Amino acid sequence: FQPLNCSGRKIYPIVDNLEHLKKLFDIGASLIQFRIKNKSQSDVFALVKTAVEISQKYSFSKLIINDYWEFAMECGAFGVHLGQEDINYADLPRLRSSGLRLGISTHSFWEVSRALQFSPSYIACGPIFQTRVKKMPWLPQGVRNLSYWVTMLPKPLVAIGGINLNNLDSVKQTGVEIISLINGISGAISPKQAFLSYKERWEE
């Protein structure tokens with residue numbers, strides 16, 4: 001799969017609504033994941049289509065669609081993010097030939113090894129810390145495992161799960177360049193201000 005073409009430290013927000021998406025693009029967020037849950041297929045398609053149209057107004061935008069790879073491809077998104085089970089059902093050769101970037105979630109050594117065989121655009125490792133976003137059967141990877149993945153993996157790495165302003169410095173010390181945030185931004189009173197705060201701390 002084609003590379004992300006991101007350089008330097010990046011904040012990679014995950015949002016679930018168009019208002020947050022637009023606000024974050026407005027203030028310069030370049031790499032954003034749009035994740036839709038509990039909607040009908042027709043509603044999801046309409047949301048993906050609108051999200052892509054919004055992203056296309058920004059020359060620097062890289063919009064990643066979570067799960068819905070067919071809609072992402074049809075609407076012209078920058079990329080798609082898939083979980084381990086999603087990989088089983090996605091038409092990866094078709095995705096690759098379309099030019100879409102591919103990110104894959106991993107939670108263990110085995111899943112990282114599996115993800116590598118697909119040569120994705122990036123590999124997401126997590127949860128780094130305990131997270132409340134969803135119940136997970138995996139233990140947190142911790143900064144120790146993250147440091148190992150940063151050293152060993154040939155692909156761009158995204159750290160995700162439980163990252164906040166209190167543990168940000170320990171994550172930065174691992175050498176990872178991209179961190180993905182859900183509650184830290186979308187759950188904030190002002191997602192815009194939260195993104196700017198994280199960006200300042202992360203990129204300093």
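Predicted model: local features only at pLDDT ≥ 70, side-chain atom pairs only at ≥ 80, totals over all residues.
Biologist: Which residues of helix H6 are buried?

Modeller: Helix H6 covers residues 109-116, and Glu111, Val112, Arg114 and Ala115 are buried there.

Biologist: What puts them on the same side of H6?

Modeller: They cover an arc of only 160° around the axis, so they share one side of H6. Trp110 and Ser113, on the other side of H6, are exposed.

Biologist: What covers the buried residues of H6?

Modeller: The cover includes helix H4 (84-89), strand S5 (101-106), strand S6 (122-125) and helix H7 (142-152).

Biologist: How many aromatic pairs does the structure hold?

Modeller: There are eight aromatic pairs. One of them joins Phe109 and Tyr148, with 5.8 Å centre to centre and 45° between the planes.

Biologist: Why is the pair of Phe109 and Tyr148 called tilted?

Modeller: Rings pair if their centres lie within 6.5 Å, and planes under 30 degrees apart count as stacked, over 60 as edge-to-face and the rest as tilted. The centres here are 5.8 Å apart and the planes stand at 45°, so the pair is tilted.

Biologist: What does this pair tie together?

Modeller: Phe109 lies in helix H6 and Tyr148 in helix H7, so the pair ties together parts that are 39 residues apart in sequence.

Biologist: Why does Phe109 count as partly exposed?

Modeller: Buried means under 20% relative accessible area and exposed means over 50%, with partly exposed in between. Phe109 has 46% relative accessibility, so it counts as partly exposed. Tyr148, with a relative accessible area of 38%, is partly exposed as well.

Biologist: What makes the pair of Phe109 and Trp149 tilted?

Modeller: The ring centres of Phe109 and Trp149 are 4.7 Å apart and the planes are at 55°, so this pair is tilted. Because Phe109 lies in helix H6 and Trp149 in helix H7, the pair ties together parts that are 40 residues apart in sequence.

Biologist: Is Trp149 buried or exposed?

Modeller: Trp149 has 5% relative accessibility, and the limit for buried is under 20%, so Trp149 counts as buried.

Biologist: Where does the charged end of Arg9 sit?

Modeller: It sits over the ring of Trp202, 5.8 Å from the ring's centre. The distance limit for this term is within 6 Å, so 5.8 Å meets it.

Biologist: How do you know that strand S1 is mostly covered?

Modeller: S1 spans residues 10-15, and five of its six residues are buried.

Biologist: What makes S1 and strand S8 a pair?

Modeller: Two strands pair if at least two bridges are found between them. S1 and S8 (residues 178-181) have four bridges, so they pair, and the sense is parallel. Ile11 stands opposite Ile179 in S8, and Lys10 has Ile178 as its bridge partner.

Biologist: Which strand do two bridges join to S1?

Modeller: Strand S2 (residues 31-34) is joined to S1 by two bridges, and the two run parallel. Val15 stands opposite Phe34 in S2. S1, helix H1 (residues 18-26) and S2 make a right-handed β-α-β unit.

Biologist: How do you know that both faces of S8 are covered?

Modeller: Ile178 and Ser180 on one side are buried, and so are Ile179 and Leu181 on the other. In a regular strand the side chains alternate between the two faces of the sheet.

Biologist: Which strand do three bridges join to S8?

Modeller: Strand S7 (residues 157-160) is joined to S8 by three bridges and runs parallel to it. Ile160 has Ser180 as its bridge partner in S8.

Notes:
Residues numbered from 1 in each chain as written. Heavy atoms only, no water. Buried < 20%, exposed > 50% of the residue type's maximum accessible area, 1.4 Å probe, protein only. Arc of directions from axis to C-beta. Contact = heavy atoms within 4.5 Å. Phe/Tyr/Trp six-rings, centres within 6.5 Å; stacked < 30°, edge-to-face > 60°. Lys NZ or Arg CZ within 6 Å of the ring centre and 35° of its normal. Right-handed = clockwise from strand over helix to strand, strands pointing away.
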